[in-house]
Amino acid sequence: MLSHFASCVLNATKEALAVSRCELCGRWPSDTGFSVCHDCLARHAPLVNRCDRCGIFQTIRSSACIACDTQASSLDQCIAAVDYAEPWIALIHRLKFQQDTGVCHLLAYVLHSRLVAHTQPHSSRTLPALLATDWVIPVPMHTLALSHRGYNQSWQLCKALKSRLKTHPIEGSERWEFRHDVLLKTTPTRQQHDLNRAQRLHNLASAFAVAPQMWTQIQGRSITLVDDIMTTGATLHAAANALRQQGAAHVQAWVIARTPTPIPSRLIDNQPLLTPFS
Ligand SMILES: [Zn+2]
Ligand SMILES: [Zn+2]
């Protein structure tokens, strides 16, 4: 049997090897400090045109996609890091279902790189809202789901992003407060993957609420919601509606992965995204 010391050395060696080899192409050592190398990130996380409002990939450079151009939204803007496609599907699956919270650092690295891109001069449309952020908060989980998983993956992403910003700050980020005590998921909701947008919105109606102790502090705040995946946007819009109803002035979203078009037809309908709140 290995001694405790030998076991620690073996585990540390395994960890070092795991971190330094690109798990996609096998390159060793990986040149990013993460488990995916620069070449693979360039291939799987290209900087592309996205709708400012919903983060969806667009072939043409335009502020809003056709869907967002024709309907109101409770989100001022949405920054998505990548399309919800491989290898991101597998990485997010590990985060959510295999207790692999370490993958957050890679996901936060990619999101951070997108935020950096949005501080460049050509991003004048999205920069003001980025800079105006007061609070960065996770999309919350209900306590039942939280006790089942043991952690909120969106809060894990927030913490990894905060850690990345400590060593690689971007314009204005020093004033962003990362908080998990602002928004609550008050109603457990059934799994959403087999629901269309109308069903998702119904499922999520009144599912979120601002924590009572934040009712005063939230007035006039600019809030950024962080989530791992945006599919139809129903969850983020329900969360944003709850924040606005309680007095938040601006709400935007940062997500790791955005479901690309075409969204399966069963997920599409003409349901407006904005719930009246004034
Ligand atoms: Zn690679
Ligand atoms: Zn859009």
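Me: Where does P87 lie?
Reply: P87 lies in the loop between β1 and α4. The model is a predicted one.

Me: What is the peptide bond from E86 to P87, cis or trans?
Reply: As background, most peptide bonds are trans, and most residues other than glycine have a negative phi. Here the bond from E86 to P87 is cis, its omega being near 10 degrees.

Me: How many helices and strands does the protein chain have?
Reply: There are 10 helices and seven strands in the protein chain. Of its 278 residues, 39% count as buried. Among contacts between residues at least 6 apart in sequence, 71% join residues at least 24 apart.

Me: Why does the span of α5 agree with what a helix should give?
Reply: The 14 residues of α5 (residues 104-117) should span 20 Å at 1.5 Å a residue, and the end C-alpha atoms are 20 Å apart, so the two agree. For α8, with 15 residues, the distance from first C-alpha to last is 22 Å, close to the 21 Å expected.

Me: Which residues of α5 are buried?
Reply: The general idea is that an α-helix has 3.6 residues a turn, so residues three or four places apart point the same way. In α5 the buried residues are C104, L106, L107, A108, Y109, L111, H112 and L115. They pack against β1 (77-83), α4 (88-97), α6 (127-132), α8 (153-167) and β7 (250-258).

Me: What covers the buried residues of α8?
Reply: The cover includes α4, α5, β2 (135-138), β3 (177-178), β6 (222-230) and β7. The buried residues of α8 include W155, L157, C158, L161 and R164.

Me: How many residues of β7 are buried?
Reply: Nine of its nine residues are buried, so to speak of β7 as mostly covered is in order.

Me: In what sense do β1 and β7 pair?
Reply: In a regular strand the side chains alternate between the two faces of the sheet. β1 and β7 pair in the parallel sense, over six bridges. C78 stands opposite A253 in β7. β6 and β7 also pair in the parallel sense, over eight bridges. T224 has Q252 of β7 as its bridge partner.

Me: At what angle do the axes of α9 and α10 cross?
Reply: Two packed helices are described by the angle between their axes and the distance between the axes. The axes of α9 (residues 197-204) and α10 (residues 234-245) cross at roughly 35 degrees and come within 9 Å. The crossing is right-handed. On α9 the contact is made by R197, R200, L201 and L204, and on α10 by A234, T235 and A238. By class, this contact has four nonpolar, one polar and two charged residues.

Notes. Residues numbered from 1 in each chain as written. Chains lettered and ligands numbered in written order. Predicted model: local features only at pLDDT ≥ 70, side-chain atom pairs only at ≥ 80, totals over all residues. Axes fitted to C-alpha atoms, helices over the stretch in contact; angles between N-to-C directions. Helix = DSSP H or I, 4+ residues; strand = E, 2+ residues; numbered from the N terminus. Left-handed = near helix turned anticlockwise from the far one by under 90°. Contact = placed C-beta atoms within 7 Å. Nonpolar A, V, L, I, M, F, W, Y, C, P; charged D, E, K, R; others polar. Expected span 1.5 Å × (residues − 1). Buried ≥ 20, exposed ≤ 12 C-beta atoms within 10 Å, placed from the backbone. Pairing = 2+ DSSP bridges.
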